[in-house]
Amino acid sequence: MDLAELQDVIERTFGERDRARGVPATVAWLAEEVGELAQAVRKGSHEQRVHEFGDVIAWVATLANQVGIDLTQAVQRYA
């Protein structure tokens with residue numbers, strides 16, 4: 001799955017709920033997931049790390065959708 005597909009899936013699946021939650025709450029959820037990722041990297045299994053990386057990426061896509069950012073365009077600076 002590429003980033004555009006991810007953003008589309010996130011929007012179709014969670015978009016209405018995400019907009020109702022709002023940007024500040026989404027940032028808080030993202031921060032919490034980054035904390036869980038940090039813990040998994042330090043002390044977790046490979047499976048836990050995979051899970052937490054997935055959560056962080058999904059929340060980044062959620063936030064990007066809410067603020068109108070195309071993640072494919074955003075990562076072009078690293079191309």
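Reader: Happy to dig into this one! Is aspartate 18 buried or exposed?
Author: Good place to start, and please keep in mind that this is a predicted model. The relative accessibility of aspartate 18 is 5%. The cut-off for this class is under 20%, so aspartate 18 counts as buried.

Reader: Which residue forms a salt bridge with aspartate 18?
Author: Look along helix H1 for a residue three positions from aspartate 18, about one turn of the helix. The closest N and O atoms of the pair are 2.8 Å apart, and the rule asks for a distance within 4 Å. The salt bridge of aspartate 18 is with arginine 21.

Reader: How many salt bridges does the count come to?
Author: Besides the pair of aspartate 18 and arginine 21, the side chains of arginine 12 and aspartate 8 meet in a salt bridge. Glutamate 11 and arginine 19 also meet through their side chains in a salt bridge. By the rule used here, the count of salt bridges comes to three.

Reader: What is the N to O distance between arginine 12 and aspartate 8?
Author: Arginine 12 and aspartate 8 are four residues apart in helix H1 (residues 3–21), so about one helical turn separates them. Arginine 12 is exposed, at 59% relative accessible area, while aspartate 8 is partly exposed at 39%. Their side chains meet with an N to O distance of 2.8 Å.

Reader: Now to the helix pair: is H2 roughly parallel or antiparallel to H3?
Author: Helix H2 spans residues 23–43 and helix H3 residues 46–67, and their axes lie 9 Å apart. The packing angle is about 160°. Angles over 145 degrees fall in one class, which means that H2 runs relative to H3 roughly antiparallel.

Reader: Is the crossing of H2 and H3 left-handed or right-handed, and how many nonpolar residues does their contact have?
Author: The crossing of H2 and H3 is left-handed. H2 contributes residues including Trp29, Leu30 and Leu37, and H3 contributes Phe53, Trp59 and Leu63 among them. Four residues of this contact are polar and five are charged, while the number of nonpolar ones is 14.

Definitions and conventions: Residues numbered from 1 in each chain as written. Predicted model: local features only at pLDDT ≥ 70, side-chain atom pairs only at ≥ 80, totals over all residues. Heavy atoms only, no water. Axes fitted to C-alpha atoms, helices over the stretch in contact; angles between N-to-C directions. Helix = DSSP H or I, 4+ residues; strand = E, 2+ residues; numbered from the N terminus. Parallel < 35°, antiparallel > 145°, perpendicular 65-115°, else oblique. Left-handed = near helix turned anticlockwise from the far one by under 90°. Contact = heavy atoms within 4.5 Å. Nonpolar A, V, L, I, M, F, W, Y, C, P; charged D, E, K, R; others polar. Buried < 20%, exposed > 50% of the residue type's maximum accessible area, 1.4 Å probe, protein only.
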